[in-house]
Amino acid sequence: MENRVLLECKGVTKNYPSKMALNFLNLTIERGRIIGLLGPNGSGKTTLIKLISGILTPSSGVITVNGNPIGIETKKVVSYLPERTYLNSWMKVRDIIAFFKDFYQNFNEHKAYDMLKRLNINPNDRLKTMSKGTKEKVQLILVMSRDADLYLLDEPIGGVDPAARDYILDTILSNYNENATVIISTHLIYDIERVLDDVLFLQNGSLVMASSVDEIREQQGKSVDELFREVFRC
Amino acid sequence: MLGKLLKYETKATARWFLPMYGGILLFALFNKLFMLFNFSDMDVHGIPVFFQSILGIVQAMTVFLYVMIIVATFALTFFIMLQRFYKNLLGDEGYLMFTLPVDASSHIWSKLLVSVFWTVCSVIVTILSVIVMAAYPEMFQDFALFCEKAFQVLFTQTGLNATAFFIEFVLLVLITLFTGNLMFYASISVGHTRGKHRVLYAFVAYIVFYMIQQIITSVVIVVAGMVLDTNYWTDLMMDTAPTTLIHIIMIFSILYNVVAGIVYYLITNYVLSKKLNLE
Amino acid sequence: MPWDFQNDRPIYLQLMEKIMLQIVSGRYSAGDKLASVRDMAAEAGVNPNTMQKALAELERNGLVFAQRTSGRYITDNMEKINSLRVQLAKEQVSKFLKQMESLGYTPKDTVAFLENNLEEER
């Protein structure tokens, strides 16, 4: 039987000099889910995502993806969209696609060009000349064009207009497959609640709730968004 | 994967160096053209003094610019070496580089090899530009003659093994380049392990590394001096030809740099693979 | 265009209701083949697993049946569809009666009021 467990965090702690960003986090995530990672600013959402993608090292604890500790094997199957633009600005979109294709075996070039076309982005444009919004779209295209096992999207709908937000959610849904899991971190729950299976609530570096969206609605008689506002009322 | 990294690293840096190299060679050519004209001759042909002095100024300018471009190129070599490591790996672009399925050592080697490559290229281009300026029909014969003379003075007369010395020299220069770069990488990496003031800590780390190297060198010299002072060694030294001593010093310097380089490499690799914290 | 959902109830229940309404209103006819879960989810703008759950529930109710290889179909059992229609109508009526009651109409008053209204419209 195929192992459905995709991601496991065991006692993961991350200390920064000034504060504890994650506090002994235990978490198991299966394949085929779309998961909302929710919490106020500074609750540890970005830290967790960066730990899984391997650009942060935990202070203690173990993270595995497909049973492998974070490393080359996990980086092959994890597709990460950071909350910032990280692409070399002197490159053309075409060059970056070639770059991704060179380094990721699971990168689907046709899918990338298809999505660029649908968004009217010229592959010969340089990133330097693009607006921030367009750059973010290019990054999303790159990340979603990989046939990965785990997609980590950090605040993908943060500062985008409603049309772009719908496009992003649409892209996530149409790329869904039952072997892959998508983790979306956000504090704008209302917009994405309907696309989520499960939600994880983080507060001050601890997991305060892990539940399915319908469970919350069934048991609490309110949307996740409403619940979130209650739990994190400040 | 290292091959792919090298390809992109070369691409990313070539757009800085190739224009500089073009500039060096172009200005060398200008200088050569100006040298071919002899302005005092022109006076006879009735060119006004005023025009002549302008030409003189232009000539001085091209010489000045030529020198400046060379200086700038070497400054750039240094700056790009730091910038590619600090910004491309440990800055925002590191988000891309460290999510590639590539291990930290490949990242280090790609940065290192390409940096050394450009340093060597800069030296070669500078030499080429000098050749361009100095070129005259019998240049190569004369140069060969000069080499022969120099060879005689340096090697035949002293009995130094030319091939061995040449290999040692090239090795030493190359390894010093590698170790020098790695020393900067290790300093930046040590700085990276701190939460705040990473650049400041990188400076401190560099100074500390430098001092440790100085101390080790001094200790080695003192110890060597003490050991060599004993009767047995003094007798042995008397019998040893000074050329052998040169070889010993060269080989020792190479080994010393290799060891230092390995230590810096290990520090860098440890930080990038075990202590990475991109903010 | 993504569908609208209320906040206080599970999304899968609301999906079920919407599909039932589409069956009764004739947008889907008896025996029609349904689009794939993924397409239906994309149309509604919801998670495929949620759509899957809604369809599985409908399957349990016998309104939808799955054929191993070719996908899901609307039931061709007219009796079932008719009884669903009646059930949905009942729900609407009881809701309506409740609201009329809050306006001060007893069920009897409501019936009388309705009849009057229909007369006038004619």
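Me: Quick one to start: which residue follows α1(A), and what is its phi like?
Reply: Gly54(A) follows α1(A), and its phi is positive, near 90°. Keep in mind that this is a predicted model.

Me: And the helix itself, how many of the residues of α1 in chain A are buried?
Reply: Eight of nine. Helix α1 of chain A spans residues 45-53 and is mostly covered.

Me: Which ones are buried in α1(A)?
Reply: Lys45(A) and Thr47(A) are on the list. Then comes the run Leu48(A), Ile49(A), Lys50(A), Leu51(A), Ile52(A) and Ser53(A).

Me: Switching to the assembly. Which chains have the most contacts between them?
Reply: Chains A and B, among the two pairs of chains that touch.

Me: What about chain B and chain C, how far apart are their closest C-alpha atoms?
Reply: They lie 28 Å apart, and no contact joins chain B and chain C.

Me: Back to A and B. How many residues does each chain put into the contact?
Reply: Chain A gives 29 residues and chain B gives 28.

Me: How much area do chain A and chain B bury between them?
Reply: About 2600 Å². Carbon and sulfur atoms carry 62% of that area.

Me: Which residues of chain A lose the most area to chain B?
Reply: Ile55(A), Trp90(A) and Phe103(A). Together they make up 27% of what the chain A side buries.

Me: Electrostatics next. How many salt bridges are there between chain A and chain B?
Reply: Two. In one of them, the side chains of Asp102(A) and Lys7(B) meet at 2.8 Å, N to O.

Me: And how many residue pairs are in polar contact across the interface of chain A and chain B?
Reply: The rule finds 16, with both residues of each pair at pLDDT 80 or more.

Me: Which elements give two or more residues to the side of chain A that touches chain B?
Reply: Three helices of chain A: α1, α2 (72-77) and α3 (93-103). The largest share comes from α3(A), with six residues.

Me: How does that side of chain A divide by class?
Reply: It has 16 nonpolar, five polar and eight charged residues.

Me: New topic: what domains does the assignment give for chain B?
Reply: Domain 1 covers 1-135 and domain 2 covers 159-279. Their centres, taken over C-alpha atoms, are separated by 28 Å.

Me: How many residues of each domain of chain B are in contact with the other?
Reply: 21 residues of domain 1 are in contact with 19 residues of domain 2.

Me: What area is buried there, between domain 1 and domain 2 of chain B?
Reply: About 2000 Å², with carbon and sulfur atoms giving 82%. On the domain 1 side, Phe85(B), Leu90(B) and Ile108(B) lose the most area to domain 2. Those residues together account for 28% of what that side buries.

Me: Which elements of domain 1 of chain B give two or more residues to the side touching domain 2?
Reply: α3 (49-89), α4 (94-97) and α5 (104-134) of chain B. α5(B) gives the largest share, eleven residues.

Me: Last one: how do the residues on that side of domain 1 of chain B divide?
Reply: Into 16 nonpolar, four polar and one charged.

How values were computed: Residues numbered from 1 in each chain as written. Chains lettered and ligands numbered in written order. Predicted model: local features only at pLDDT ≥ 70, side-chain atom pairs only at ≥ 80, totals over all residues. Heavy atoms only, no water. Contact = heavy atoms within 4.5 Å. Buried < 20%, exposed > 50% of the residue type's maximum accessible area, 1.4 Å probe, protein only. Helix = DSSP H or I, 4+ residues; strand = E, 2+ residues; numbered from the N terminus. Domains from an automatic or database assignment. Buried area = accessible area lost by both parts, 1.4 Å probe. Nonpolar A, V, L, I, M, F, W, Y, C, P; charged D, E, K, R; others polar. Salt bridge = Lys/Arg side-chain N within 4 Å of Asp/Glu carboxyl O. Polar contact = N/O pair within 3.5 Å; in protein donor to acceptor, adjacent residues only side chain to side chain.
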